[in-house]
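The sequence and the three-dimensional model follow.

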Amino acid sequence: MLEIKGLKVKLEEEDKQILKGVDLKVEAGKVHAIMGPNGSGKSTLSYVLSGKDGYEVTGGEASLEGEDLLEMEPEERAAAGMFLAFQYPVEIPGVGNMTFLRTAVNAQRKARGEEEMSAAEFLKEVRAKAKSLKIDADMLKRPVNVGFSGGEKKRNEILQMALLEPKMCILDETDSGLDVDAMKLVSEGVNALRDAGRGFLVITHYQRLLDHIKPDVVHIMADGRIVKTGGPELALEVEQNGYADILAEVA
Amino acid sequence: MAVAQRKQEATEARLSAMAVPEGGAWITEARGAALARLREMGLPERRDEYWRFTRPDTLNQHEAPVADTLDTQEAPLFDGFERIKVVFVDGVFDADLSDDLSGEGLSIERLAEAAQSDIHWARDVYGMLEAAGQDPVQRPFAAMNSAFATDGVVIRVTGKVERPVSLIYKHASDVSDAILHHVIRVEEGAELTLLENGPAAARFNKLMEIDVADTGAFHHVRAQGRDHERRAVTHMFARLGTESVFKSFTTTVNGVLTRNECVIELTGDDAIAHVAGAALGDGDFHHDDTVFITHDAVNCESRQVFKKVLRNGATGVFQGKILVKPGAQKTDGYQISQSLLLDDDSQFLAKPELEIYADDVACSHGSTSGAIDEDALFYLRARGIPKDIATDLLTLSFLAEAVEEIEREDLRDEIIGRLEGWLERRRG
């Protein structure tokens, strides 16, 4: 599904190397988690994979189902099946959430040469998927993320994921700013999307999200590299001992 | 040559080709007074402070450059709305294209007809609000309008009128100029919604005087678009009584030169005045909003919300002032002017002003210019929305605060639809 080899990335504006050779392979149907201390490059990895400006790839490659991601515009990556659930979803005043969702779904369909969805068809689809995420009609009508609580914003991200049905989902610290109930709701939303044809990369600081979204593989990232890979038990180890032991062990 | 003399000569040269129309006693007097005002102040020059950002040259010429009429397949604006259509073709009222000019709680007359009588209620408004609005800043094209306008509508509203009155300007021939003057009197407790759209002529000088009595309400939605080469200088002069409401929104797309002046005086306590504008300019586009709101009563509220999206070298101008007179306590004044510059060639020139002579007021103003929000753009693109569509969504998002000033939802949606259509056509 997602294959990253020796990925090196620096900031465009300054001479600062963030990723120093990341190797990672996420198979379809699997959930991989990336944990790591602040500044290790986790969020940068998610941005570079989804095509945000401001980063320069200085080496390595990244592909989605064999297609070179790094050559594509962000919208092309999305149409190819890449999805990033933002750590900080952006507020867009004046654009209705519904309009936004439908524009996104239809843009991707169009890019893939599929037929666009009619307003009525789409409404039915949204209502069904919104309901399980406890997103009410008001949230669909309001401008995108404007006045949404932290939990509402994250649920809205998962709703987008459910509607766009991507192949590869990256969740960038989706647990940040969530209380226990919201985390449960969001996790249920994600788990409902787990599927043999879909890969997940869950970026988090804490093990607690992984209690709800159970990973198959856990990676530890530090200083721009994956320094250790293991099973779910690795997350528990981090939770108990912090990163210091692991970092000392690999240093 | 002294400035005053040169200005006077230029003004006389222009006036030599214009004739004050014939009419009844009341309007002859008003036109004569307006002409005297115009002669006194002279036509504007570029060095005039109030015209620093907008060149008046093409407005001063004898003939305006020809403006081609745009042929589009697009349905006319406000089509399908229940309304009373009042149509002007090349600046002349057209009875055949217009609806029956009658409605409950409403009287509508052509200015050309009202001008024939010797006495008319409009004498208390026609040229009067304009004259009052000449101080402290002169507005020569408004005086010119009062002196030379031959047509327009004279509307008196005595009840809550449901159906909007829809003024439609059509540009059919190569005629250079159209000069229209409208007078609107909203009586106590009465309510009117006025719609305006259309390009009128190569050069359009339009003036509207709106006298809103105590507890009256006036809502206005205007669209300036279509013919790209047109020039327009428009004025609104409003006088607002106690607890009255005045809300005006204008959207402007296309147009090599548009100057919209709005002069409002809040004369009765607890009155509300909102003026808003949303402009989309591409290339050879110059758009100027010049607003002057005077608070001369207690506990009044005024809002100015102006947004412009500019690209490919387009220019936007905002000159907005709030004047709070002595004694106008508890004034709540708000003014915001913002531009979204989509490239480095476009420019926004803003002159926001507050002048306050009362000590218990809340007034705020802000003016900004900025580029598109990169984080928002990335967010949309990351959802698969192509860059050009994402940019257009963010453009509409930027304009939203102004568009939301339109109270009636169906009219708001109509305007949003128009803006979307324009953006879509530009995308090709």
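## The hairpin in chain A

A:Asp223 lies in the loop between E11 and E12 of chain A; helices (H or I, at least four residues) and strands (E, at least two) are DSSP runs, numbered from the N terminus. The model is a predicted one, in which local features need pLDDT of at least 70 and side-chain atom pairs count only at pLDDT 80 or more, while totals for chains, interfaces and linings use all residues. Residues are numbered from 1 along each chain as its sequence is written, chains are lettered from A and ligands numbered from 1 in the order in which they are written, and side-chain values use heavy atoms, with hydrogens and water left out.

Strand E11 (residues 217-222) and strand E12 (residues 225-230) of chain A pair in the antiparallel sense over 5 bridges; two strands pair if DSSP finds at least two bridges between them. A:Ala222 has A:Arg225 of E12(A) as its bridge partner. There are 2 residues between the strands of this hairpin. The phi of A:Asp223 is near 50°, a positive value in a residue other than glycine. Most residues other than glycine have a negative phi.

For chain A, an unreviewed UniProt entry lists residues 2-248 as "domain: ABC transporter"; such annotations may be inferred rather than shown by experiment. The end C-alpha atoms of residues 2-248 of chain A are 29 Å apart, and the span is 40% helix and 28% strand.

## The sheet in chain B

Chain B contains an open sheet of 10 strands with mixed pairing, in the order E3-E4-E5-E7-E9-E11-E13-E15-E17-E19. Strand E3 (102-103) and strand E19 (347-356) of chain B are the edge strands, each pairing on one side only. Within the sheet, strand E15 (residues 286-295) and strand E17 (residues 315-324) of chain B run parallel and are joined by 10 bridges. B:Asp288 has B:Val317 in E17(B) as its bridge partner.

Helix H6 (residues 140-148) of chain B packs on the sheet, touching strand E7 (177-186), strand E9 (203-212) and strand E11 (231-240) of chain B; contact means heavy atoms within 4.5 Å. The direction of H6(B) makes about 85° with that of E9(B). In the loop between helix H5 (128-132) and H6 of chain B lies B:Pro136. The peptide bond from B:Asp135 to B:Pro136 is cis, with omega near 10°.

Two packed helices are described by the angle between their axes and the distance between the axes. Axes are lines fitted to C-alpha atoms, for helices over the stretch in contact, and angles run from 0 to 180 degrees between N-to-C directions.

| Helix pair | Angle | Axis distance |
|---|---|---|
| H7(B) (residues 374-382) and H8(B) | about 130° | 9 Å |
| H8(B) (residues 387-403) and H9(B) (residues 409-427) | about 150° | 11 Å |

The angle of about 130° makes H7(B) oblique to H8(B), and the angle of about 150° makes H8(B) roughly antiparallel to H9(B). Angles under 35 degrees count as roughly parallel, over 145 as roughly antiparallel, 65 to 115 as roughly perpendicular and the rest as oblique.

Among the residues in the contact of H7(B) with H8(B) are B:Leu377 and B:Leu380 of H7(B) and B:Leu394 of H8(B). In the contact of H8(B) with H9(B), the residues include B:Leu396 and B:Leu399 of H8(B) and B:Ile416 and B:Leu423 of H9(B).
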